[in-house]
2 protein chains.
Amino acid sequence: MELRHLRYFIAVAEEGHITRAAERLGMQQPPLSQQIRALERELDVQLLRRLPRGVELTEAGRALLSDARAILAHIDHAFTTTRRTARGELGRLVVGFTSSAPFHPFVPRVIRAFRDGAPGIALTLEESGTTELIEDLRHERVDAAFIRTHVTDPAGLTVNPLLEEAMLLALPATHAFAACGADGLPLPLAALAAETFVVYRRHAGPGLYDAIIAACHAAGFSPQVSQEAPRIVSTLNLVAAGLGVALVPASLRRMQMDGVAYRGLQGTPQPRAPLLLATRRADTSAVVRRFIDLVRQTARTFPRPVLSV
Amino acid sequence: MELRHLRYFIAVAEEGHITRAAERLGMQQPPLSQQIRALERELDVQLLRRLPRGVELTEAGRALLSDARAILAHIDHAFTTTRRTARGELGRLVVGFTSSAPFHPFVPRVIRAFRDGAPGIALTLEESGTTELIEDLRHERVDAAFIRTHVTDPAGLTVNPLLEEAMLLALPATHAFAACGADGLPLPLAALAAETFVVYRRHAGPGLYDAIIAACHAAGFSPQVSQEAPRIVSTLNLVAAGLGVALVPASLRRMQMDGVAYRGLQGTPQPRAPLLLATRRADTSAVVRRFIDLVRQTARTFPRPVLSV
DNA sequence: ATCTGCCATATCCTATCGATATGGATTTTG
DNA sequence: CAAAATCCATATCGATAGGATATGGCAGAT
């Protein structure tokens, strides 16, 4: 059996006429007759009743006709699906992000843009820790991940820096510095020399940790670290509990947490927090490729905050 | 595109190995490689990633694989459906019957037997008058019909005599002859010489009408006909209304109608009522053929009523 | 570095699909 | 009523393409 048989059969059935069907198929009548007979022989079923003036379908022929049409349509559908999948218009995509990523307005915006631009993609979002996300990427449980620090061992992965933003001081609302009015004047980093710090733990991604330590050293003191938090967001919980102050990406200001006050920093150099996209280096998926392209393109044109001091 | 391409592709996808797939397909590796490439060229999509140690599917290839399997299954299904249709195991059948036919126990029994024996057939039952059934047969609205008289013009049709049964006298419950006890002794036909008769109208099918008239003549009188009824069952309504007596097939005794009493007949010859199956002579449908065969076979072995005098 | 495994390319053969020619059955037409 | 026309089936032949064989190339394994 080949598709040819079905195509020929449909033509004959629709024309009710072998000669006319042959014409429509751009071939001669005898080979068409033969192919139809071959189909009947293979099925061991009479599909056509030969009349003096053309042919007509038997009941079995009618049954086959509708199926044959459906099969050809099925194949058509399979082809377009395959092509669209190859073009990255169809498929699935799992995007991971750390708890702090979605606070950056870029992340929800680019994800919404991707959904709008590729409605055929089944998009899944997964929040997780940086370490877990890296593992998920390597095990193909996640296709791309928004993270906030460079990774220690990016073997097999690509980590794309997208944007940077300033960091803010998060401090307990009861703290003396918080009294200077909500969002008071920027504070020189040196003023924090005596404070104890809550930091995002280093082993997941050293970037933020090191940037904070380096900035403090540049400001002339070595910060005292009281506590490491597993996630950026959880540093705020510790700050609210009065365990110390923290430096967090500016976008976390949107998170109005009870007992936490924010203040800007002044002076140079200032610690800055990156937003990055991690993907598999060898990933050939068109969907992932489209997603990366969109993310990088959008990042390039993303409006920098006016005051990123 | 031909099915060959799909079959080959599935084998390669499942083996992850062109050489091994070729072996499984009973062919050599180079032509298989060519066919796969031809498929990729036609789709303009890369389906396989060539690795140093075998091949692996691209995302598009995975999309095609599941569709390809479904398509082959679809074809398989179409083939069995076609074959079963040809064998008469699948399809539709419309069986017509006159109002009096289902009273004969043979009819419900054979229909139930057919349903049990051919569960794949969508069976439709239609009650109608003999004339209409004949028309329905000719216009293919009905495939087979149980009727109670031979038809006047059976051109293009086959009318199969199945069974015969005795006829009973149906008379108003108030009639003098009815007083002789329910189901009293058989009455000689000659006793009815003075009665007026209600008969099933002749033009639909002359059989019953003529049989009754002939029997009366043989009994030495010419019956006086007061009224013609369009259906056998409706003769009983007229009898109940006191418009006369009627001779009806014995199986109608099962119809306990208020105001109607039944008595058997004695003497020879007695009028007898046939049960017949009408079908299209040229009908090639396997379903109809199976139905006819079953009906005739069942009729042949149907237990004759012990007293069919 | 050599060898092995596996896919791609090149060339040739043959099976089969399709074209041409013809026959047979039935209906339509002169 | 005979002849022409219509349409499907059969027979024969040729071209296309699918498959076989031989060989090359590339990347891991030994």
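The surface near DNA strand D divides into 9 nonpolar, 8 polar and 3 charged residues. Here Ala, Val, Leu, Ile, Met, Phe, Trp, Tyr, Cys and Pro count as nonpolar, Asp, Glu, Lys and Arg as charged, and the others, Gly among them, as polar. A residue is near a strand if one of its heavy atoms lies within 4 Å of it. The model is predicted: local features need pLDDT of at least 70, side-chain atom pairs count only at pLDDT 80 or more, and totals for chains, interfaces and linings use all residues. Residues are numbered from 1 along each chain as its sequence is written, chains are lettered from A and ligands numbered from 1 in the order in which they are written, and side-chain values use heavy atoms, with hydrogens and water left out.

Of the 20 residues around DNA strand D, the nearest are A:T19, A:R37, A:R50, B:Y8 and B:Q28. A polar side-chain atom of A:R50 is 2.4 Å from a phosphate oxygen of DNA strand D. B:Q28 uses a backbone N or O atom, 2.9 Å from a phosphate oxygen. The side chain of B:R4 has an N or O atom 3.5 Å from a sugar or linking oxygen.

Helices (H or I, at least four residues) and strands (E, at least two) are DSSP runs, numbered from the N terminus. On this basis, α3(A) gives the largest share of the surface near DNA strand D, 4 residues.

DNA strand C is likewise surrounded by 20 residues. The closest are A:Y8, A:Q28, B:T19, B:R37 and B:R50. Of its atoms within 4 Å of the protein, 72% belong to sugar or phosphate and the rest to bases. An N or O atom in the side chain of B:T19 is 2.5 Å from a phosphate oxygen of DNA strand C. The side chain of B:Q29 reaches a base: one of its N or O atoms is 3.0 Å from a base nitrogen. Here α3(B) gives the most to the surface, with 4 residues.

Chain A is assigned domain 1 (3–86) and domain 2 (92–309); such bounds come from an automatic or database domain assignment. The domain centres, taken over C-alpha atoms, are 62 Å apart.

Terms used
Polar contact = N/O pair within 3.5 Å; in protein donor to acceptor, adjacent residues only side chain to side chain.
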